[in-house]
Amino acid sequence: MAIGYTLDEIPNDITRETPASFEPTLDYVVTKVPRFAFEKFPGADTTLTTTMKSVGEAMAIGRNFTESLQKALRSIERKEAVFDWGADRATQDIPALLAAMRRPHDGRLNLVHLALLGGASIEQVFQATRIDPWFLDQIALLCEVAAQVAAAPALDRDVLREAKRHGFSDSQIGALRGVPATQV
């Protein structure tokens, strides 16, 4: 990847038949998310480049990418790193979000989430960020699952299982349902 190959051009080491872009054939996915602490360095340029600017990282394991991603974001232990599914989050200024996400920075993933939650297309977000559409589709899937959890007539076993399958925490589910996390 460092020399310009994309995941669909690299053969999967396990299957030797499918590209590396396929969901792994193993029963887990590992996601690592960097931790940035720009607040500790007031004069630092927050634009992310090939220069190492993270102060650490969190790793999470899940049965699919969406579960693993959400767990990793929570492991950063920063409230602003976790996808927020509050009711007011879907009413965003899409053009402003698309403009703000053009520059790579530590809050970019949340801007992507907010834009997709607010109705931006994967193509619009791709044009603004050049993030591979597969990853954008996974974040859009999280938005769909969140909408299903919020709209379900009851928080029954099937709804809860689907939410957990995609890495939603009790707090996130509670926010979607308007109930405390302890009730979830």
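Which element of the protein chain has the lowest mean pLDDT, and which the highest? Here are some notes on that and on the helix packing.

1. **Confidence.** This is a predicted model, so a word on pLDDT comes before the packing. Strand 1 (residues 29–35) has the lowest mean among the elements, at 90, while helix 4 (residues 122–129) has the highest, at 97. For the protein chain, the mean pLDDT is 88, and 94% of the residues reach 70 or more.

2. **Helix 3 against helix 5.** Have a look at helix 3 (residues 108–117) and helix 5 (residues 133–151), whose axes come within 9 Å and cross at roughly 55°. An angle between 35 and 65 degrees counts as oblique, and the two helices are therefore oblique to each other. Their crossing is right-handed. On the helix 3 side, the contact is made by Leu109, Val112, His113, Leu116 and Leu117; helix 5 brings Leu136, Ile139, Ala140 and Cys143. Sorted by type, the residues of this contact are eight nonpolar, one polar and no charged.

3. **Helix 1 against helix 5.** Helix 5 also packs with helix 1 (residues 65–75), at an angle of about 80° and with the axes 10 Å apart. Angles of 65 to 115 degrees count as roughly perpendicular, and that is therefore the description for helix 1 and helix 5. Phe65, Thr66, Leu69 and Gln70 of helix 1 meet Trp134, Phe135, Gln138, Ile139, Leu141 and Leu142 of helix 5. This contact divides into seven nonpolar, three polar and no charged residues.

4. **How enclosed is helix 3?** Eight of its ten residues are buried, so helix 3 is largely enclosed by the rest of the structure. The buried residues are Arg108, Asn110, Leu111, Val112, His113, Leu114, Ala115 and Leu116. Their cover includes helix 2 (94–100), helix 4 and helix 5. After helix 3 comes glycine 119, with a positive phi near 110°.

5. **Isoleucine 139.** Is isoleucine 139 buried or exposed? Its relative accessibility is 3%, so isoleucine 139 counts as buried. Leaving aside residues up to four places away in sequence, isoleucine 139 touches Leu69, Phe83, Leu109, Val112, His113 and Leu116. The C-alpha atom of leucine 114, 25 residues away along the chain, lies 9.9 Å from that of isoleucine 139.

Methods: Residues are numbered from 1 along each chain as its sequence is written. This is a predicted model: local features need pLDDT of at least 70, side-chain atom pairs count only at pLDDT 80 or more; totals for chains, interfaces and linings use all residues. Side-chain values use heavy atoms; hydrogens and water are left out. pLDDT is the predictor's confidence in each residue, from 0 to 100. Helices (H or I, at least four residues) and strands (E, at least two) are DSSP runs, numbered from the N terminus. Axes are lines fitted to C-alpha atoms, for helices over the stretch in contact, and angles run from 0 to 180 degrees between N-to-C directions. Angles under 35 degrees count as roughly parallel, over 145 as roughly antiparallel, 65 to 115 as roughly perpendicular and the rest as oblique. A crossing is left-handed if the near helix is turned anticlockwise from the far one by less than a right angle, and right-handed if clockwise. Contact means heavy atoms within 4.5 Å. Ala, Val, Leu, Ile, Met, Phe, Trp, Tyr, Cys and Pro count as nonpolar, Asp, Glu, Lys and Arg as charged, and the others, Gly among them, as polar. Buried means under 20% relative accessible area, exposed over 50%, partly exposed in between (1.4 Å probe, protein chains only).
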